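Open the model in your viewer and keep the selection panel at hand. The stops below go from the core out to the sheet and the helices.

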Amino acid sequence: MNEIARAFTLLSAIRQNIPLKPEIAKSWVVEFHSVLNRVEETTGLSMGEFRISRMQLHRETLGAHPKTGQVYVVGTIVVDRTHFLLKVDAALAYFTNQEPDRT
């Protein structure tokens, strides 16, 4: 299996196993980015538009105090599931829509 096929397989596995929680742990982002790194190293393509930016990462929220509105956060770094899915799905679509190089 070539490196691109392996990367596609890993992306598909990530997509199929994303937790059903509203926020996804940073460890998933790290794994996703490692697959994108592999693609960049193998092909020389820039995969930057598929990456999760640091601005999208935030600390997990546990809730807010009903009277004061103070928000309680924990140390876990997360990304919104919707945004993560958007990037993973875009990367998968990119690979499935590529024409083979006929040169």
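Which residues have the most contacts inside the largest nonpolar core? Select Leu 11, Ile 14, Phe 32, Ile 52, Val 79 and Phe 84: these are the ones, in a core of 21 residues. Bear in mind that this is a predicted model. Colour the core by element next: H1, H2 and H3 are the elements that give two or more residues to it. H3 gives the most, six residues.

Leaving aside residues up to four places away in sequence, Ile 52 touches Val 29, Phe 32, His 33, Leu 57, Val 79, His 83, Phe 84 and Lys 87.

Now show the strands. The sheet is open, with three strands in the order S1-S3-S2 and antiparallel pairing. Its edge strands are S1 (23-25) and S2 (57-64), each of which pairs on one side only. From one strand to the next, the twist averages 60°.

Select S1 together with S3. They pair in the antiparallel sense over three bridges, and Ile 24 stands opposite Val 79 in S3. Val 79 was also on the list of core residues with the most contacts.

Two places to check are Arg 59, whose bridge partner in S3 is Ile 77, and Gly 63, which stands opposite Tyr 72 in S3. Follow the chain from S2 to S3: the two strands form a hairpin with six residues between them. In the turn, pick Gly 69, which has a positive phi of about 80°.

H2 (residues 26-43) lies across S1, S2 and S3, and runs at about 65° to S1. H3 lies across S1 and S3, running at about 10° to S3.

For the last stop, select H1 (residues 3-17) and H3 (residues 81-96). Their axes are 10 Å apart and the helices pack at an angle of about 145°; H1 passes H3 in a left-handed crossing. Show side chains at the contact. On the H1 side are Ile 4, Phe 8, Leu 11, Ser 12, Ile 14 and Arg 15. They meet Phe 84, Leu 85, Val 88, Asp 89, Ala 91, Leu 92, Phe 95 and Thr 96 in H3. How do the residues of this contact divide by type? There are 10 nonpolar, two polar and two charged residues.

Technical notes: Residues numbered from 1 in each chain as written. Predicted model: local features only at pLDDT ≥ 70, side-chain atom pairs only at ≥ 80, totals over all residues. Heavy atoms only, no water. Axes fitted to C-alpha atoms, helices over the stretch in contact; angles between N-to-C directions. Helix = DSSP H or I, 4+ residues; strand = E, 2+ residues; numbered from the N terminus. Left-handed = near helix turned anticlockwise from the far one by under 90°. Contact = heavy atoms within 4.5 Å. Nonpolar A, V, L, I, M, F, W, Y, C, P; charged D, E, K, R; others polar. Pairing = 2+ DSSP bridges. Core = buried A, V, L, I, M, F, W, Y, C linked by side-chain atoms within 4.5 Å. Buried < 20%, exposed > 50% of the residue type's maximum accessible area, 1.4 Å probe, protein only.
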